[in-house]
Amino acid sequence: MLLICIGIWAYLEFEGDNKFVGALVSILLAWGVAQLGALGLGDGIGEKPGSSSVNKVSVSDTESVSTEKSSPTEHSVDNSDAQLDPKMRLAIFAFAGVVVAIVIIYLMRNVDRYDDLNIRFRYKELVNMAKPIQEKVEDALLSKSFVDPDSLDSGKEGLPDEVLVSKETHGISVIDGQIIATWMNDDSDLDGVTYILNPEVENGEVEWTVTGTCRRKKAC
């Protein structure tokens, strides 16, 4: 269990500056396992709970029970033994509380990450819109006849016309080979966020550099 705690701590530390979160998770796990071990409920690694002496029945006791009927008093004793021990019940609740606490910590730690993934997923609509134009710009720059990047504008060299941004459509244009895409004016958290692609020919290949406000939004 100690190795598991250390592993979780190391994982959280690797993800970012989460020393305190990792330490808290490890302490909670260790405490929960200690509670189970103190009550003889296992050590969290594979050890089975210790059997009680009440559950151990000798051969002679078995024979006597088979030949004699149990009295009402014996039945009441057996029923009370079958019930959960208060300490055992407390240990189970404590361990469940530890698990819930760990889940809450994990969710709180990753709320921002889920938001970033959602933004990036939505922004793919604009990224995919720019891909066909990227291919046309690459074909023009890598064609046998030299093409001056300054001549690569919307509506020229086989490139589509400029699309102005509006409330219903995303804006996209090409200026001197640079592709500029802008999210529609929909009053969302992506309203007006730009995605700019800058081409550069190196060793017979086109390398693209991404700039724009989408970087700050973690959308691209």
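**Close-up 1. The disulfide of Cys214 and Cys220.** The link between Cys214 and Cys220 is right-handed, with 75 degrees about the S-S bond. This is a predicted model, in which local features need pLDDT of at least 70 and side-chain atom pairs count only at pLDDT 80 or more, while totals for chains, interfaces and linings use all residues. Residues are numbered from 1 along each chain as its sequence is written, and side-chain values use heavy atoms, with hydrogens and water left out. The two sulfur atoms of Cys214 and Cys220 sit 1.9 Å apart; a disulfide here is a pair of cysteine sulfur atoms within 2.5 Å. By that rule, the count is 1 disulfide. Cys214 and Cys220 are both buried (buried means under 20% relative accessible area, exposed over 50% and partly exposed in between, with a 1.4 Å probe and protein chains only).

**Close-up 2. The chain and its elements.** Here you can follow 5 helices and 4 strands in the protein chain. Helices (H or I, at least four residues) and strands (E, at least two) are DSSP runs, numbered from the N terminus. Starting at the N terminus, the order reads α-α-α-α-α-β-β-β-β. Of the 220 residues in the protein chain, 25% are buried.

**Close-up 3. The salt bridge of Arg122 and Asp189.** In this view, the closest N and O atoms of Arg122 and Asp189 are 2.9 Å apart. A salt bridge is a side-chain nitrogen of Lys or Arg within 4 Å of a carboxyl oxygen of Asp or Glu, and the count by this rule comes to 2. Arg122 belongs to helix 5 (residues 86-141) and Asp189 to the loop between strand 2 (178-182) and strand 3, so the pair ties together parts that are 67 residues apart in sequence. Arg122 is partly exposed, at 26% relative accessibility, and Asp189 is partly exposed as well, with a relative accessible area of 33%.

**Close-up 4. The salt bridge of Asp153 and Lys156.** Look for the side chains of Asp153 and Lys156, which meet at 4.0 Å, N to O. Asp153 counts as buried, at 18% relative accessibility, whereas Lys156 is partly exposed, with a relative accessible area of 46%.

**Close-up 5. Val174 in strand 1.** Strand 1 covers residues 171-175 and includes Val174. Val174 has a relative accessible area of 4% and is buried. Between the C-alpha atoms of Val174 and Ile133 there are 8.5 Å, although these residues are 41 apart along the chain.

**Close-up 6. The negative surface patch.** Glu200, Glu202, Glu205 and Glu207 form this patch. Patches are made of residues with over 30% relative accessible area and no salt bridge, with like charges joined within 9 Å and nonpolar side chains (Val, Leu, Ile, Met, Phe, Trp, Tyr) within 5 Å. Strand 3 (194-202) and strand 4 (205-211) each supply at least two residues of the negative patch. Glu207 is found in strand 4 and is partly exposed, with a relative accessible area of 39%.

**Close-up 7. The positive surface patch.** To finish, find Arg120, Lys124, Lys131 and Arg215, which form a positive patch. Lys and Arg count as positive and Asp and Glu as negative, while His and the chain ends are not counted. One of the patch residues, Arg120, is in helix 5. Arg120 has a relative accessible area of 38% and is partly exposed.

Definitions and conventions: Areas by Shrake-Rupley, 256 points an atom, 1.4 Å probe, with all protein chains shown as cover. Charge placed at Lys NZ, Arg CZ, Asp CG, Glu CD.
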